[in-house]
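Welcome! Please take a moment with the sequence and the 3D view, and then we can walk through them together.

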Amino acid sequence: VLLQFSIKLDSSLVAVGTSTGTLSILDLTNSNYKIIVRSHTANVSKITYHSFSNTMITLSNDLTIRLWDVDRLEQTY
């Protein structure tokens, strides 16, 4: 599994997308790594974070786009 893309959400959280389509959150304060979901079937090619609504959008080479609620760590669309 290769790290494909990551983006810093705030001073302590980093969103990580992998070559296998997994989206995870890394907490820099305690090195806790939480897998959110394995919803993409190909590598995550882009992660965009919107701080105002605390949401992320992920793009994948499987031709899907997913919207995520960062507070709940759930896919919303």
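## Before we start

A residue is called buried when its relative accessible area is under 20%, exposed when it is over 50%, and partly exposed in between, using a 1.4 Å probe and protein chains only. Helices (H or I, at least four residues) and strands (E, at least two) are DSSP runs, numbered from the N terminus.

This is a predicted model, in which local features need pLDDT of at least 70 and side-chain atom pairs count only at pLDDT 80 or more, while totals for chains, interfaces and linings use all residues. Residues are numbered from 1 along each chain as its sequence is written, and side-chain values use heavy atoms, with hydrogens and water left out.

## A buried histidine

Let us begin with histidine 40, in the loop between S4 and strand S5 (44-50). Is histidine 40 buried or exposed? Its relative accessibility is 3%, so histidine 40 counts as buried.

Which residues does histidine 40 touch, leaving aside those up to four places away in sequence? They are Thr20, Gly21, Thr58, Ser60, Asp62, Thr64 and Arg66, where contact means heavy atoms within 4.5 Å. With threonine 58, the side chain of histidine 40 also makes a polar contact of 2.8 Å. A polar contact is a pair of N or O atoms within 3.5 Å; within protein, one must be able to donate a hydrogen and the other to accept it, and residues adjacent in sequence count only if both atoms are side-chain atoms.

The loop between S4 and S5 also holds asparagine 43. Asparagine 43 is buried because its relative accessible area is 15%. Its side chain reaches that of asparagine 61 in a polar contact of 2.6 Å.

Strand S3 covers residues 23-27, and four of its five residues are buried. On one side, S3 runs antiparallel to strand S2 (residues 13-18), joined to it by five bridges; two strands pair if DSSP finds at least two bridges between them.

## Two positive phi angles

Most residues other than glycine have a negative phi, and most peptide bonds are trans. Serine 31, in the loop between S3 and S4, is not a glycine, yet its phi is positive, near 60 degrees. Serine 31 counts as exposed because its relative accessible area is 60%.

Leucine 63 is not a glycine either, and has a positive phi of about 70 degrees. Where is leucine 63? Leucine 63 sits in the loop between S6 and strand S7 (65-69). With 79% relative accessibility, leucine 63 is therefore exposed.

## The open sheet and a surface patch

Four strands make an open sheet with antiparallel pairing, in the order S5-S6-S7-S8. S5 and strand S8 (74-75) are at the edges, each with a single partner strand, so one side of each has no neighbour in the sheet. S6 and S7 run antiparallel and are joined by five bridges; isoleucine 57, for one, has leucine 67 in S7 as its bridge partner.

Ile57, Leu59 and Ile65 make a nonpolar surface patch of about 250 Å². Patches are made of residues with over 30% relative accessible area and no salt bridge: like charges are joined within 9 Å, nonpolar side chains (Val, Leu, Ile, Met, Phe, Trp, Tyr) within 5 Å. Accessible areas come from the Shrake-Rupley method with a 1.4 Å probe, and for residues only the protein chains shown count as cover. Leucine 59 belongs to strand S6 (residues 55-60). Its relative accessible area is 31%, so leucine 59 is partly exposed.

## Salt bridges

How many salt bridges does the structure hold? There are two, a salt bridge being a side-chain nitrogen of Lys or Arg within 4 Å of a carboxyl oxygen of Asp or Glu. Aspartate 69 forms one with arginine 72, their closest N and O atoms being 3.7 Å apart. Arginine 72 also meets glutamate 74 in a salt bridge of 3.3 Å, N to O.
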